Amino acid sequence: MSKIGTVLEVYGYTNADELMADFMMAGTVPGICQSETCDNIEEYEPDQRNGHCNECGKKSVKSVIEMLLF
């Protein structure tokens, strides 16, 4: 499963458009660790590209907004 697919499943969305509609103007959005061995999801700033992962310790968290738009 893709990283975006994992976030969609955890948050109960069936597609990325629904998630974007709900979180586009939010102050925090779901972000997921981009490490191959970690799928930690937490709330981050919408423009997060290199956030700290509290699970694996890497600076590898990207917000779903960044993943979907860029």
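Mentor: Here is a short walk through the core, the strands, the salt bridges and the surface. Keep in mind that this is a predicted model.

Trainee: Fine. Which residues make up the largest nonpolar core?

Mentor: Eleven residues: Val7, Leu8, Tyr13, Leu19, Met20, Phe23, Val29, Ile32, Val64, Ile65 and Met67. H1, H2, E1 and H3 each supply at least two residues of this core. In soluble globular proteins, nonpolar side chains tend to be buried together.

Trainee: What other core is there?

Mentor: Another one lies apart from the eleven-residue core. It has five residues, among them Cys33, Cys38, Tyr44 and Cys53.

Trainee: Back to H1. Which of its residues are buried?

Mentor: Lys3, Thr6, Val7 and Leu8, in a helix that covers residues 3-11.

Trainee: And what covers them?

Mentor: The cover includes helix H2 (16-23), strand E1 (29-33), strand E2 (41-44) and helix H3 (64-69).

Trainee: How many bridges join E1 to E2?

Mentor: Four, and the two strands run antiparallel. Pro30 stands opposite Glu43 in E2.

Trainee: How does E1 pair with E4?

Mentor: In the antiparallel sense, over three bridges. Ile32 has Lys62 in E4 as its bridge partner.

Trainee: What does Val29 touch?

Mentor: Not counting residues up to four places away in sequence, Val29 touches Phe23, Glu42, Glu43, Tyr44, Glu45, Pro46, Ser63 and Ile65.

Trainee: Ser63 turns up in that list. Where does Ser63 sit?

Mentor: In strand E4, residues 59-63. Ser63 is buried, with a relative accessible area of 0%. Leaving aside neighbours within four places in sequence, Ser63 is in contact with Val29, Pro30, Gly31, Glu45, Pro46, Asp47 and Gln48.

Trainee: New topic. How many salt bridges does a search of the whole structure find?

Mentor: Two. One joins the side chains of Lys3 and Asp39, at 2.7 Å from N to O. That pair links distant parts of the chain: Lys3 is in helix H1, Asp39 is in the loop between E1 and E2, and they are 36 residues apart.

Trainee: Is Lys3 buried or exposed?

Mentor: Buried, at 18% relative accessibility. The cut-off for buried is under 20%. Asp39 is partly exposed, with a relative accessible area of 43%.

Trainee: Which side chains meet in the other bridge?

Mentor: Glu66 and Arg49, also given as 2.7 Å, N to O. Glu66 lies in helix H3 and Arg49 in the loop between E2 and strand E3 (51-52), so the pair ties together parts that are 17 residues apart in sequence. Glu66 counts as buried at 6% relative accessibility. Arg49 counts as partly exposed at 48%.

Trainee: Where is Met25?

Mentor: In the loop between H2 and E1. Met25 is exposed, with a relative accessible area of 79%.

Key: Residues are numbered from 1 along each chain as its sequence is written. This is a predicted model: local features need pLDDT of at least 70, side-chain atom pairs count only at pLDDT 80 or more; totals for chains, interfaces and linings use all residues. Side-chain values use heavy atoms; hydrogens and water are left out. Buried means under 20% relative accessible area, exposed over 50%, partly exposed in between (1.4 Å probe, protein chains only). Contact means heavy atoms within 4.5 Å. A salt bridge is a side-chain nitrogen of Lys or Arg within 4 Å of a carboxyl oxygen of Asp or Glu. A nonpolar core is a set of buried Ala, Val, Leu, Ile, Met, Phe, Trp, Tyr and Cys residues joined through side-chain atoms within 4.5 Å. Two strands pair if DSSP finds at least two bridges between them.
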